[in-house]
Amino acid sequence: MKKRPIKLVCFVCEWNEGRSVHLELSVRLKLKRNGSKIRVMSAGFSQADKVNPLRKSFFLGLGVPAPEIDAHFSTIFNETHAQADLILVAELPMKVRLLKKWPELEGRVMTVKGFIKGMNPSSEVISEEEAKMEDAGGKDIDKKLELYVEHEQLAEKVAQRLIELEASKLPFP
């Protein structure tokens with residue numbers, strides 16, 4: 001695969017209502033605050049609802065504008081998402097699943113946690129447990145909030161690495 005700068009990133013999880021949208025909205029905010037030109041979007045393997053009210057409150061506390069949160073609708077991964085230069089998935093089995101359906105994405109798909117550890121799509125070596133970004137769905141409120149904080153920490157690290165890659169002007173991977 002030809003190396004190129006990252007201009008568009010897509011975050012993927014199962015339903016596109018939790019982990020992937022959290023990363024999309026939070027990373028977008030951080031990139032914007034740093035003057036980055038990198039664009040972000042998100043998708044899921046299945047379609048669900050909008051952002052739940054508890055996560056919306058969390059986002060509002062971060063400074064994500066309410067209209068941006070309200071504009072999000074769960075989207076199934078499609079040709080538009082496949083145009084991304086980098087596709088970051090919440091769990092290792094999602095990488096396998098995505099590449100099985102979209103083999104042409106080889107070299108552009110990796111886990112969120114692999115990315116923040118400095119790996120790249122073609123050299124990612126990470127265990128399923130180490131790569132897992134836990135889903136807040138079905139958890140009690142305290143556990144949801146704990147996971148939102150973890151997701152936010154991951155978003156910060158993703159944004160920081162993207163900003164560093166953009167500043168270096170070097171192609172990725």
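Which residues in helix 1 meet which residues in helix 2? Keep that in mind as we walk through this predicted model, starting with its helices and ending with its pockets.

## Helix 1 beside helix 2

Let's begin with the opening question. From helix 1, the residues Arg19, Val21, His22, Leu25, Ser26, Leu29 and Arg33 take part, and they meet Arg55, Phe58, Phe59 and Leu62 of helix 2. Sorted by class, this contact holds six nonpolar, two polar and three charged residues.

How do the two helices lie relative to each other? Helix 1 covers residues 19-33 and helix 2 covers residues 53-62; their axes come within 11 Å and cross at roughly 10 degrees. Angles under 35 degrees count as roughly parallel, so helix 1 and helix 2 are roughly parallel to each other.

## Helix 1 against helix 7

Helix 1 also packs with helix 7, which spans residues 141-168, and here the axes are 9 Å apart at an angle of about 50 degrees. That angle makes helix 1 oblique to helix 7. If you look at how they pass, the crossing is right-handed.

On the helix 1 side, the contact is made by Arg19, His22, Leu23, Ser26, Val27, Lys30 and Leu31. Their partners in helix 7 are Tyr148, His151, Glu152, Leu154, Ala155, Glu156, Val158, Ala159, Leu162 and Ile163. Ten of the residues in this contact are nonpolar, three are polar and four are charged.

## Helix 2 against helix 7

Now for the remaining pair in this tour. Helix 2 and helix 7 have axes 11 Å apart and pack at an angle of about 40 degrees, so they are oblique to each other. Their crossing is right-handed.

Helix 2 brings Leu54, Arg55, Phe58 and Leu62 to this contact, where they meet Ile141, Lys144, Leu145, Tyr148, Val149, His151 and Glu152 of helix 7. By class, that gives seven nonpolar residues, one polar and three charged.

How can we find pockets at all?

What is the volume of the largest pocket? It comes to about 200 Å³. The residues lining the largest pocket are Pro5, Ile6, Lys7, Lys37, Ile38, Leu165, Glu166, Lys169, Leu170 and Phe172. Six of these lining residues are nonpolar and four are charged, with no polar ones.

The second largest pocket has a volume of about 160 Å³. Its lining is made of 15 residues, and Glu17, Gly18, Asn52, Asp135 and Gly137 lie nearest its centre. Here the lining of the second largest pocket divides into four nonpolar, four polar and seven charged residues.

Note on methods. Residues numbered from 1 in each chain as written. Predicted model: local features only at pLDDT ≥ 70, side-chain atom pairs only at ≥ 80, totals over all residues. Heavy atoms only, no water. Axes fitted to C-alpha atoms, helices over the stretch in contact; angles between N-to-C directions. Helix = DSSP H or I, 4+ residues; strand = E, 2+ residues; numbered from the N terminus. Parallel < 35°, antiparallel > 145°, perpendicular 65-115°, else oblique. Contact = heavy atoms within 4.5 Å. Nonpolar A, V, L, I, M, F, W, Y, C, P; charged D, E, K, R; others polar. Left-handed = near helix turned anticlockwise from the far one by under 90°. 1 Å grid on protein atoms, 1.4 Å probe; cavity = no way out; pocket = protein on both sides within 12 Å on 5 of 7 lines; lining within 4 Å. Points joined across faces, edges and corners; volume = space filled by probe spheres on them.
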